[in-house]
Amino acid sequence: MLKLLINGKRLIPPPHRFPNPLWYSSSRIISPQELNLAIDFLTKSLGFSQDQAISTAHKLRRFNSKQNPNSVPDFFKRSGFNGSQINSIVSSFPGVLSMNVVKTLEPKIRVLEGLGLSPDEMIRLLSGPGRFLMRSLGSSTLPVIETMRSILGSDENVVRVLKKLGSSPGLPSPKCLGDNVELLRSRGMSREAVSKLMLMYPGLFRRKRSSLEALIERVEGTLGIRIDMNMFAHGLYALGLMSDEKLDAKFGALRSYGLDDSDILIMARANPLVLALSELKVKSGLDYYMKELGYHPKFIATHPTLLGFSMEKRVRPRNAVLQVLKDKKLIPDSFGLYTALWKTESEFLERFVEPFKESVPEICEVYKNYLRIPTKADG
């Protein structure tokens with residue numbers, strides 16, 4: 001469990017949301033004297049290049065060398081961060097140099113340590129666009145973590161979610177998180193399903209309640225996927241990425257290949273993530289499967305995962321290998337590509353390449369020519 005104690009004392013986070021408004025105030029520009037002091041500190045104390053130091057210093061609104069800016073990197077070093085990690089944090093969030101270590105910075109780092117995160121794991125949160133260090137600990141971060149734990153059931157799962165949110169716009173607000181959990185439960189989603197949704201797509205919980213409610217209506221109304229169905233979470237994610245106009249365009253592209261609306265809905269209900277694929281990827285897949293391999297639209301509709309496989313790294317190389325084996329009568333002509341595509345790389349090599357490298361030596365070259373990576377046959 002998360003221990004909110006430092007040196008045996010209960011953690012009482014500061015009530016303010018931002019440690020120092022002057023870091024973010026657009027009304028103040030760092031003075032030339034402060035700018036030079038900041039550049040000098042970044043280059044001499046942290047080893048920044050001149051260009052990197054200038055760029056980072058210009059993000060500051062104030063720099064006071066008398067406030068001992070070394071106290072922040074020194075604290076990070078004591079907490080197990082290396083120089084590269086410290087520089088990453090400072091370059092992405094220069095305001096950290098003005099934070100009060102004892103009152104503001106240390107409590108936030110100790111919370112992450114209490115969850116079991118190492119410096120390597122923390123770095124995405126601390127240097128990512130979510131501005132973790134800017135959030136109020138008492139009124140924002142801790143309530144969110146506690147709500148997540150109550151839904152996810154363990155600190156390990158909370159950490160999994162935090163890692164996913166580290167490179168995104170950040171944690172949801174306590175209000176959005178609470179409102180959305182209540183909304184999903186009121187619409188009939190089980191507690192277990194809410195937990196799975198949070199683990200898969202935590203960014204959905206950043207939405208305002210009204211936005212998530214409208215998205216639920218779209219998934220149920222447009223795709224016919226109810227909230228109690230297994231594919232509902234993927235439907236929320238897929239439709240959450242696109243407007244109605246973009247969805248109509250995606251349907252239009254599929255129709256142009258002979259799929260009717262019923263085919264498209266069958267496909268979307270089987271795997272809504274197909275709708276999240278780029279139009280270029282979808283068309284590339286349909287061109288290959290339908291025009292080169294002769295697949296029927298109905299087959300594509302009932303096997304939508306075909307469109308998600310990488311054409312260059314999986315589909316074309318594996319089909320080329322299968323074709324060689326079929327030409328040599330080493331596997332039946334009826335053997336389907338779809339079955340081979342689901343195998344892992346090692347499974348595919350063991351089943352379709354390694355057993356034939358002596359009797360069909362060209363099979364290794366066929367595969368390598370597509371992948372341009374060595375196979376086990378080289379060793």
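Trainee: Is Lys329 buried or exposed?

Mentor: Lys329 is exposed in this predicted model, because its relative accessible area is 64%, and exposed means over 50%.

Trainee: Thanks! Where does Lys329 lie?

Mentor: Look in the loop between α17 (311-327) and α18 (337-341). While you're there, check the backbone: Lys329 has a positive phi of about 60°, although this residue is not a glycine.

Trainee: Okay, changing topic. Where is Gln33 placed?

Mentor: Gln33 belongs to helix α1, which covers residues 32-45.

Trainee: And is Gln33 buried or exposed?

Mentor: Gln33 counts as exposed, since its relative accessibility is 61% and the cut-off is over 50%.

Trainee: What separation do the C-alpha atoms of Gln33 and Phe63 have?

Mentor: They are 9.2 Å apart, while along the chain the two residues are 30 residues from each other.

Trainee: What about Cys176, buried or exposed?

Mentor: Cys176 counts as buried, because its relative accessibility of 15% falls under 20%. Cys364 is buried too, with a relative accessible area of 8%.

Trainee: Let's talk rings. How many aromatic pairs does a search of the whole structure find?

Mentor: That search gives 13 aromatic pairs. One of them joins Tyr289 and Tyr295, with 5.7 Å centre to centre and 15° between the planes, so the pair is stacked, as planes under 30 degrees apart are.

Trainee: Are those two tyrosines buried or exposed?

Mentor: Tyr289 counts as buried at 0% relative accessibility, and Tyr295 is also buried, at 18%.

Trainee: Which residues do ring pairs link into a cluster with them?

Mentor: The cluster also takes in Tyr288, Phe299, Phe309, Tyr338 and Trp342, alongside Tyr289 and Tyr295.

Trainee: Last topic: what is the mean pLDDT of the chain?

Mentor: The mean is 88, and 90% of the residues reach 70 or more.

Trainee: Where is confidence lowest, and where is it highest?

Mentor: Strand β1 (residues 5-6) is lowest, at a mean of 38, and helix α11 (residues 209-223) is highest, at 97.

Trainee: Over which residues does pLDDT stay under 50?

Mentor: Residues 1-27 are one such stretch, and the model gives them 58 contacts beyond four places in sequence. Residues 373-379 are also below 50, with 11 contacts beyond near neighbours in sequence. Where pLDDT is low, the predicted coordinates should not be read in detail.

Note on methods: Residues numbered from 1 in each chain as written. Predicted model: local features only at pLDDT ≥ 70, side-chain atom pairs only at ≥ 80, totals over all residues. Heavy atoms only, no water. Helix = DSSP H or I, 4+ residues; strand = E, 2+ residues; numbered from the N terminus. Buried < 20%, exposed > 50% of the residue type's maximum accessible area, 1.4 Å probe, protein only. Phe/Tyr/Trp six-rings, centres within 6.5 Å; stacked < 30°, edge-to-face > 60°. pLDDT = per-residue confidence, 0-100. Contact = heavy atoms within 4.5 Å.
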